[in-house]
Amino acid sequence: MDISKYKSVHVVDHPLLKNKITRMRDKNTPTNEFRQLVKEVAILEGYEALKRIPTKNIEIETPIEKTSQPVIVPKNIVFVPILRAGLGMVDGMNELVPGCSVGHIGLYRDEVTHQPVEYYCKLPSSIGEKEVFLLDPMLATGGSAIGAVKILRSYGVKKITFVCIISAPEGIKAFAEAYPDIEVFTGVVDRELNDKAYICPGLGDCGDRIFGTVVNDND
Ligand code: PRP
Ligand code: URA
């Protein structure tokens with residue numbers, strides 16, 4: 001896919017990231033390692049995705065003199081994982097910017113229609129005034145990410161960045177066309193979706209792999 005026509009979509013290009021995503025794809029990677037990899041990939045991608053967050057200057061004193069220097073204001077930033085798999089990315093993002101609040105949006109894909117079904121939503125108060133980083137490792141059809149953005153918009157959220165790990169061309173197209181103003185950071189763009197709307201080659205069901213809900217012979 002030529003994603004260059006989607007100016008809002010950024011593929012984070014770094015060998016450290018690609019190496020970790022390959023480990024994630026391997027079906028023999030055990031649950032504990034998989035969960036750790038999701039966290040580490042979130043840190044590497046988060047470093048890029050958080051590049052444009054605002055800072056404010058504060059007065060500090062070095063051993064030499066007083067000076068005005070930039071700091072991040074964590075209370076202006078909210079991480080919102082899409083349950084379940086997005087939860088795996090929260091710790092990594094939180095290591096980059098400790099002290100941010102976390103909202104939760106619960107969506108699952110209907111097995112037949114592949115449409116997202118909402119089952120939970122708990123967002124911090126005054127989220128409408130905050131900058132939101134929406135987290136979900138998988139962008140397949142795009143239905144879940146689009147559904148989550150609709151929910152955030154209904155709470156008045158204006159500034160959203162979506163961070164995923166593996167995306168399908170179909171999901172990139174659907175999301176970027178629905179929300180050309182929302183920046184997307186992905187670790188990789190895969191080939192296609194299969195007839196069950198799984199990403200190929202992908203890594204399988206990310207929620208199951210993070211939480212060990214499907215038996216892995218190496219666990
Ligand atoms: C997965 C994944 C995304 C969604 C992506 O969640 O974590 O939320 O699928 O697919 P889409 O782009 O086609 O919407 P799933 O619905 O399997 O729920 P789970 O995280 O609870 O397993
Ligand atoms: N959700 C997943 O967890 N994996 C896919 O391949 C597609 C959607």
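Guide: Please bear in mind that this is a predicted model. Most residues other than glycine have a negative phi.

Visitor: In which loop is R84 found, and what is omega for the peptide bond from L83 to R84?

Guide: R84 belongs to the loop between β4 (77-83) and α3 (87-96). Most peptide bonds are trans. The bond from L83 to R84, however, is cis, with omega near -5 degrees.

Visitor: Which residue does a cis peptide bond join to C200?

Guide: The residue in question lies in the loop between β15 (199-200) and α6 (206-211). Omega of the bond is about 0 degrees, and the partner of C200 is P201.

Visitor: Why can the protein chain be called as compact as a globular protein of its length?

Guide: The chain contains 6 helices and 15 strands. For 219 residues the globule rule gives 17 Å, and the chain is close to that value, so it is as compact as a globular protein of that length; its radius of gyration is 18 Å.

Visitor: What does the C-alpha trace span along its principal axes?

Guide: The span describes the C-alpha trace of the protein chain along its principal axes. The values are about 60 × 40 × 35 Å.

Visitor: Which element supplies the largest share of the shell around ligand 1?

Guide: The shell comprises 15 residues, and the closest are R109, D136, T141, G142 and S144. At least two residues each come from β6 (104-109), β9 (138-139) and α4 (143-154). The largest share, 3 residues, is that of β6.

Visitor: How do the residues of the shell around ligand 1 divide by class?

Guide: The shell has nonpolar, polar and charged members. The space that ligand 1 takes is the largest pocket. By class, the residues around ligand 1 are 7 nonpolar, 4 polar and 4 charged.

Visitor: Where does ligand 2 sit?

Guide: The residues surrounding ligand 2 are R109, M138, A140, A197, Y198, I199, G204, D205 and C206. By class they are 6 nonpolar, 1 polar and 2 charged. Ligand 2 sits in the largest pocket.

Visitor: How much of the accessible area of ligand 2 does the protein cover?

Guide: Polar backbone atoms of the protein approach ligand 2: one of I199 is 2.8 Å from an oxygen atom of the ligand, and one of G204 is 2.8 Å from a nitrogen atom. A backbone N or O atom of C206 also lies 2.8 Å from an oxygen atom of ligand 2. On its own, ligand 2 has 240 Å² of accessible area, of which the protein covers 89%.

Technical notes:
Residues are numbered from 1 along each chain as its sequence is written. Chains are lettered from A and ligands numbered from 1 in the order in which they are written. This is a predicted model: local features need pLDDT of at least 70, side-chain atom pairs count only at pLDDT 80 or more; totals for chains, interfaces and linings use all residues. Side-chain values use heavy atoms; hydrogens and water are left out. A residue is near a molecule or strand if one of its heavy atoms lies within 4 Å of it. On a 1 Å grid over the protein atoms alone, a cavity is a set of points where a 1.4 Å probe fits but cannot get out, and a pocket is an open set with protein on both sides within 12 Å along at least five of seven lines; lining residues have an atom within 4 Å of a point. A molecule sits in a cavity or pocket if more than half of its atoms lie within 2 Å of its grid points. Helices (H or I, at least four residues) and strands (E, at least two) are DSSP runs, numbered from the N terminus. Ala, Val, Leu, Ile, Met, Phe, Trp, Tyr, Cys and Pro count as nonpolar, Asp, Glu, Lys and Arg as charged, and the others, Gly among them, as polar. The radius of gyration is taken over C-alpha atoms; the globule rule is 2.2 Å times the number of residues to the power 0.38. A polar contact is a pair of N or O atoms within 3.5 Å; within protein, one must be able to donate a hydrogen and the other to accept it, and residues adjacent in sequence count only if both atoms are side-chain atoms. Accessible areas come from the Shrake-Rupley method with a 1.4 Å probe; for residues, only the protein chains shown count as cover.
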